[in-house]
Amino acid sequence: MGKLVLLDARLYLGGADLSGDGNKLELNDEAEVKTTTNWRSGGAREVLAGIADSDLAADGYFEAGSLALPDDQFWATRRQTVPVSVAPEGDGDTAAGGLFYLTRMLTLQRQVFGGGLGDVNAWNLSAKGNWPLARGVCAHPSQVPRTSTATGTGLNLGAVATGRHLYANLHVLSVAGTSTPTLTATVVSDDNSNFTSPTTRVSFAAATAVSGQATRVAGPVTDTWWRVNWAVTGTTPSFLFLVTLGVE
Amino acid sequence: MTKKVLLDAQLGIANNDLTDHTSKIELNDEFEDKETTTFGSGGAKERLGGLEESEISITFKQDYDDNSLDEIMWGLRRQVVTFACRADEDAVSASNPEYYGSLLVKKWVPLNGAVGDVAEADVTFPLSGPLQRRTS
């Protein structure tokens with residue numbers, strides 16, 4: 001990849017892919033600075049890292065009409081903690097394994113719409129983390145419609161040590177079909193890439209509408225291979241969804 | 001060394017040479033301003049230097065390749081690690097001193113920019129312990 005111009009970054013919030021309505025992103029991870037200066041510090045401040053925090057600032061263009069669009073999604077998730085997944089490049093969500101940052105965030109401030117006469121109607125958003133920010137991967141790509149039960153691509157994310165977690169975000173982006181189409185996604189792990197004896201680590205709630213979920217499982221987990229499985233029911237069902245996983 | 005334009009400044013953090021990803025370095029050597037003004041100060045403030053509180057601000061060009069900048073800095077978050085920087089790629093000398101010490105990676109910026117921007121990360125790290133200088 002190397003150095004890059006930001007042309008196709010990705011932002012998923014709740015059940016919305018905001019990439020097509022966004023044009024600016026800033027994601028920060030920062031820890032408090034705690035002073036440990038003492039008489040033997042040689043006259044210079046000494047510091048350690050304290051509690052960590054993350055924040056997101058994003059700008060984009062106003063659109064409304066469904067939960068898949070920013071205004072509806074923002075309104076539905078006001079003052080709520082929602083899953084957020086961010087990628088620097090578009091190939092992050094076209095195949096499993098692409099780089100993603102993920103967490104869950106509380107949306108604290110939003111410019112609903114704005115602009116002067118002749119301007120494109122625009123929004124901006126500020127959100128604060130409600131969990132640690134994880135550096136992870138796409139575990140299920142967002143643009144592949146799923147119409148039946150299947151398993152995803154195995155990913156070697158490593159083990160989860162004691163005190164750490166496997167974080168998992170599910171963004172259900174579109175739902176089609178009749179007879180209450182339902183998507184039930186799980187995350188399994190195993191000690192081998194063939195998943196000969198997988199263990200279910202995460203069970204997302206059954207999704208029947210555009211929505212988002214964030215969950216995590218605590219270590220220790222010695223398995224190093226991880227995969228998303230999904231079950232689809234209904235009549236001519238079709239789902240678009242993104243799953244991101246990360247260990248932090 | 002005469003006055004010079006910064007063309008090949010060097011930066012290493014935790015023994016990682018990040019020169020190829022660095023486009024700006026600002027190293028500030030600063031002390032607390034401790035006022036000692038008294039009635040005998042003749043109407044002007046008097047002061048002493050207190051604790052050293054230095055910091056380094058860096059602009060990186062982001063890189064998400066395996067084992068490259070983003071992965072390196074993500075792994076150093078919240079740690080106090082060593083750093084070294086100098087103005088010129090030539091060997092350390094009296095005319096090309098190297099500044100070094102320890103810094104706290106208190107912040108990382110995984111993503112920042114608008115469509116069409118070069119992906120960059122602007123960060124400022126406080127030093128932990130004294131800033132040091134060597135000329136050989």
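This is a predicted model: local features need pLDDT of at least 70, side-chain atom pairs count only at pLDDT 80 or more; totals for chains, interfaces and linings use all residues.
1. Start with the overall extent. On the chain B side, 38 residues are in contact with 37 residues of chain A. The area buried between the two chains comes to about 3,400 Å², and carbon and sulfur atoms supply 57% of that.

2. Next, the charged and polar links. The rule picks out seven salt bridges across the interface of chain B and chain A. One to look at is R77(B) with E248(A), where the closest N and O atoms sit 2.7 Å apart. For polar contacts, the count between chain B and chain A is 21 residue pairs, both partners being at pLDDT 80 or more.

3. Which elements of chain B give two or more residues to the side that touches chain A? They are β5 (47–52), α1 (69–76) and β9 (107–114). The largest share comes from β9(B), with eight residues. As for the make-up of that side of chain B, its residues split into 16 nonpolar, nine polar and 13 charged.

4. Strand β3 of chain A, residues 22–35, is joined to β9(B) by six bridges, and the two run antiparallel.

Note on methods: Residues are numbered from 1 along each chain as its sequence is written. Chains are lettered from A and ligands numbered from 1 in the order in which they are written. Side-chain values use heavy atoms; hydrogens and water are left out. Contact means heavy atoms within 4.5 Å. Buried area is the accessible area (1.4 Å probe) that two parts lose on being put together, summed over both. A salt bridge is a side-chain nitrogen of Lys or Arg within 4 Å of a carboxyl oxygen of Asp or Glu. A polar contact is a pair of N or O atoms within 3.5 Å; within protein, one must be able to donate a hydrogen and the other to accept it, and residues adjacent in sequence count only if both atoms are side-chain atoms. Helices (H or I, at least four residues) and strands (E, at least two) are DSSP runs, numbered from the N terminus. Ala, Val, Leu, Ile, Met, Phe, Trp, Tyr, Cys and Pro count as nonpolar, Asp, Glu, Lys and Arg as charged, and the others, Gly among them, as polar. Two strands pair if DSSP finds at least two bridges between them.
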